[in-house]
Amino acid sequence: MFRQLIAFLGVAVVISVGSSNADAQVSEQVVPRHAIAMHGEPALGPDFRQFPFAFEGALKGGSITVSPETYGDDITFDSLNPFIVKGNAYWAIRHLVFESLMTRNPDEPFTLYGRLAETVEMPEDRSWITFNLRPNAHFSDGTPVTPEDVVFSLETLRDQGLPNFRRYYAMVESTEITGPRSVRLNISDKGDRETPLLLGLMPILSKAYYTAHEFNETTLEPPVGSGPYVISKVDAGRSVTFIRDRKYWGQNLPINVGRNNFDTIKIESFRDENAKFE
């Protein structure tokens, strides 16, 4: 009787283990998602129409002049490349001219929604992440945003960019272009919940443009990006003027509804506080 009970328990244990393995395999199935969060689930579903803080009926047009401090910048500049150690560039260029694969919702602690990437795929252990690019995403010169641009951006910022870029992107041990619009980044520090989100915030550069232009040098030539604004005028050391790109590919995305409303944004430097206030 005892041997029969042991035999029964042994069979039961084997069945239980086999069932757990099957459940684990099912749980590891990865599906495309519109958003990812540091912890828990994104607050907005895949069918969201706009960010809660944005007003869909906001008027577009007009102009505004602001000081560099509005964007957290220094009072003056000598470069239009905000990604390198050399020179001093307005960080506003990063947000107005360049885009990331995903974008933050300020109403949530750390949640990203698709921008250049339409969807993402990521396993439970966050050992890799795949970005599936939007088919209509393109740079201001009309060229499409491709997986090759993503890989080029990662390698360029890792090797020649600011120290924080070098630190973050060194965590990617390999890259794979998995389709005409898909790229997979394999992460060396497996289990780190933050790294995939930091990769989602990586600015995407045009490989074609920076192959023809030296990346690691200061310049006052307006760069090519994929963002809602382009640089229209530069007054060296004094001001940079941005105009809204009427051909911006992403103007109707839910993340952009009610945003990017000014036709012209001018960042003007003043060394005298009274003159700046006036």
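Strands are DSSP runs of E at least two residues long, numbered from the N terminus. By this naming, Asn-260 is found in the loop between β10 and β11 (264–268). The model described here is predicted. The phi angle of Asn-260 is near 55°, which is a positive value in a residue other than glycine. Asn-260 is partly exposed, with a relative accessible area of 25%.

Arg-126 lies in the loop between β5 (117–121) and β6. Its phi is near 55°, again a positive value in a residue other than glycine. Arg-126 has a relative accessible area of 6%. Buried means under 20%, so Arg-126 counts as buried.

The strands were examined next. Three strands form an open sheet, and their order is β1-β4-β3. The pairing in this sheet is antiparallel. At its edges lie β1 (35–37) and β3 (102–104), each of which pairs on one side only. From one strand to the next, the twist averages 25°. Strand β4 covers residues 111–114 and is joined to β3 by three bridges. Within this pairing, Thr-103 stands opposite Tyr-113 of β4. In a regular strand, side chains alternate between the two faces of the sheet.

Strands β7 and β8 form a hairpin, with two residues between them. The two strands run antiparallel and are joined by six bridges. Gly-179 stands opposite Ser-182 in β8.

Another hairpin is built from β9 and β10, with three residues between the strands. Gly-237 in this hairpin takes a positive phi near 80°. Strand β9 spans residues 229–235, and strand β10 spans residues 239–244. They run antiparallel, and six bridges join them.

Ser-239 belongs to strand β10. Its relative accessible area is 8%, so Ser-239 is buried. Which residues does Ser-239 touch, not counting residues up to four places away in sequence? The contacts are Phe-77, Lys-233, Val-234, Lys-266, Ile-267 and Glu-268. Ser-239 and Thr-65 are 174 residues apart in sequence. In space, their C-alpha atoms are 9.7 Å apart.

Attention then turned to helix α3, which runs over residues 147–160. The helix has 14 residues. From its first C-alpha to its last, α3 reaches 20 Å, close to the 20 Å expected at 1.5 Å a residue. Pro-147, Asp-149, Val-150, Val-151 and Phe-152 are among the buried residues of α3. Ser-153, Leu-154, Thr-156 and Leu-157 are buried as well.

A search of the whole structure finds twelve aromatic pairs. One of them joins Phe-165 and Tyr-169, whose ring centres lie 5.8 Å apart. Their planes meet at 10°, so the pair is stacked. Both residues lie in helix α4, four residues apart, or about one turn of the helix. An α-helix has 3.6 residues a turn, so residues three or four places apart point the same way. Phe-165 is buried, with a relative accessible area of 6%. Tyr-169 also counts as buried, at 2% relative accessibility.

Tyr-209 and Tyr-210 give a ring pair with another geometry. Their centres are 4.9 Å apart and their planes stand at 90°, so this pair is edge-to-face. Tyr-209 and Tyr-210 are both buried. Ring pairs also build a cluster, which links Phe-83, Trp-91, Phe-98, Phe-165 and Tyr-169.

Charged groups also sit over rings. Which ring lies under the charged end of Arg-104? It is the ring of Phe-110, with the charged end 4.3 Å from the ring centre. Arg-184 lies over the face of Trp-128, at 4.1 Å from the ring centre.

How values were computed
Residues numbered from 1 in each chain as written. Predicted model: local features only at pLDDT ≥ 70, side-chain atom pairs only at ≥ 80, totals over all residues. Heavy atoms only, no water. Expected span 1.5 Å × (residues − 1). Buried < 20%, exposed > 50% of the residue type's maximum accessible area, 1.4 Å probe, protein only. Pairing = 2+ DSSP bridges. Phe/Tyr/Trp six-rings, centres within 6.5 Å; stacked < 30°, edge-to-face > 60°. Lys NZ or Arg CZ within 6 Å of the ring centre and 35° of its normal. Contact = heavy atoms within 4.5 Å. Axes fitted to C-alpha atoms, helices over the stretch in contact; angles between N-to-C directions.
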